[in-house]
Amino acid sequence: MIRSSFSLLLLVLVAAVYSTDYFVEKFEDESYKSRWVQSTAKSDYGDFKLSHGKFYGDAKKDLGLQTSQDARFYAVSAKFDKFSNEGKTLVIQFSVKHEQKIDCGGGYVKVYPSDTDQKGLTGDSPYHIMFGPDICGYSTKKVHVIFTYKGKNLLIKKEIKCKDDEFTHLYTLILNSDNTYEVRIDTEKVESGKLEEDWDFSVPKRIPDPNAKKPSDWVDEEKIDDPTDTKPADWDKPEHISDPEAKKPEDWDDEIDGTWEPPMIDNPEYKGVWKASQIDNPAYKGPWVHPEIDNPEYVEDPNLYLYKDLGAIGFDLWQVKSGTVFDNVIITDSVERAEEFAKETWVKTREPEKKMKDEQDEADRKKEEEDRKKREAEEKSKKTDDDEGADDDKKSPHADDEL
């Protein structure tokens with residue numbers, strides 16, 4: 001058991017040593033401003049600030065880039081040495097905290113080519129990968145995984161739910177050179193599969209055979225009417241009948257009002273439209289399945305995963321209510337390295353963060369309770385004063401004289 005644990009530790013250390021970190025950002029101090037560039041493409045872009053938010057697990061480790069203005073677009077980016085993920089694993093990982101109980105806004109990152117104009121960055125700037133949570137109302141609470149392929153932005157066909165609470169959550173995208181992927185939230189796998197199957201990179205590999213048709217004698221009715229079932233002789237009754245209790249009004253004039261007819265009412269004996277009972281169809285063959293053939297237009301691409309020019313990362317998003325904190329960004333070629341980075345950062349602070357939030361909530365609850373009791377005491381005191389004043393008003397103006 002000891003030998004096994006040692007071997008696992010050694011494997012992790014070896015992987016960490018031989019891995020490459022293309023970009024790492026912890027936002028530990030104001031020096032981030034020398035690495036990140038605010039876009040000036042629009043004059044009303046929202047400002048980011050360095051903050052750990054209202055509650056946190058570690059005052060330094062949890063410092064991050066926080067949106068600070070409501071109802072704004074945000075656009076900021078950082079560059080790193082250009083690289084290609086050819087033949088390698090690509091891991092993009094970062095943390096997001098929506099402490100403001102976000103109602104509508106993005107929490108994702110975009111990875112760009114190296115020639116991206118940082119000062120001119122907008123939502124129209126071409127990117128390679130977009131990844132992370134997006135929330136808007138009750139209907140949109142998902143994780144975006146968008147890949148750019150031959151000039152088109154391709155959305156994942158699966159629905160991945162994101163976290164929508166106030167705490168910090170870790171998002172990890174793993175893109176493998178065998179054209180497979182994995183998405184993790186808080187270090188746990190939430191989705192995985194093949195790129196070819198979960199995005200529309202190309203036309204389908206298999207298509208319905210255009211020459212195949214369902215045979216004319218194919219029976220796909222599972223049930224049929226029972227041929228031995230017959231309609232009862234007394235079944236047919238009218239749906240509506242004349243009201244037998246209705247009487248012609250005494251002032252009814254046939255010449256003026258026309259021939260009087262009693263109003264119609266629902267017939268209590270009406271049984272509806274008769275239908276024969278159903279039985280299993282002895283000729284049923286099951287649903288007909290259209291046979292498929294190889295799509296002659298399909299061309300296999302072994303490099304769906306490949307991006308030859310990766311050189312920048314940015315936060316280009318919109319938020320109605322600000323307060324989101326982004327932190328612990330890493331782009332690497334090693335899953336093990338990303339896992340170790342998560343342990344150094346998010347894993348260490350998540351429980352202390354929850355503890356501080358619980359303590360704040362309890363303090364707020366106690367304050368609200370104290371304020372409520374204070375208001376009730378003030379209202380009671382005011383009522384007592386008003387009652388005493390009313391009693392004084394009722395005294396005779398000569399009461400003292402009479403004494």
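**Group meeting: overview of a predicted protein model**

Good morning. The protein exposes about 25,000 Å², and carbon and sulfur atoms supply 50% of that area. Please bear in mind throughout that this is a predicted model.

I shall begin with the overall architecture. Six helices and 22 strands are present in the protein. Its radius of gyration is 36 Å, well over the 22 Å given by the globule rule for 403 residues, so the protein is more spread out than a compact globule. Along the principal axes, the C-alpha atoms fill a box of roughly 120 × 100 × 55 Å.

Of the 403 residues, 37% are buried. Among contacts with a separation of 6 or more, 73% join residues 24 or more positions apart. As for charge, the protein carries 61 positive and 91 negative side chains, with the centres of the two sets 8 Å apart.

Let me now turn to particular residues. Under "binding site", an unreviewed UniProt entry lists Tyr108, Lys110, Tyr127, Asp134 and Asp316. I shall consider two of them.

Lys110 belongs to strand E8, which covers residues 109–112. Is Lys110 buried or exposed? Its relative accessible area is 5%, and under 20% counts as buried, so Lys110 is buried.

Tyr127 lies in the loop between E8 and strand E9, residues 129–136. Tyr127 also counts as buried, at 9% relative accessibility. Leaving aside neighbours within four places in sequence, the contacts of Tyr127 include Lys110, Val111, Tyr112 and Pro113, and also Ile146, Thr148 and Asn153.

Thank you for your attention.

Methods:
Residues are numbered from 1 along each chain as its sequence is written. This is a predicted model: local features need pLDDT of at least 70, side-chain atom pairs count only at pLDDT 80 or more; totals for chains, interfaces and linings use all residues. Side-chain values use heavy atoms; hydrogens and water are left out. Helices (H or I, at least four residues) and strands (E, at least two) are DSSP runs, numbered from the N terminus. The radius of gyration is taken over C-alpha atoms; the globule rule is 2.2 Å times the number of residues to the power 0.38. Buried means under 20% relative accessible area, exposed over 50%, partly exposed in between (1.4 Å probe, protein chains only). Contact means heavy atoms within 4.5 Å. Accessible areas come from the Shrake-Rupley method with a 1.4 Å probe; for residues, only the protein chains shown count as cover. Lys and Arg count as positive and Asp and Glu as negative; His and the chain ends are not counted. The place of a charge is taken as NZ of Lys, CZ of Arg, CG of Asp or CD of Glu. UniProt positions are given in the numbering used here, feature names are shortened, and annotations may be inferred rather than shown by experiment.
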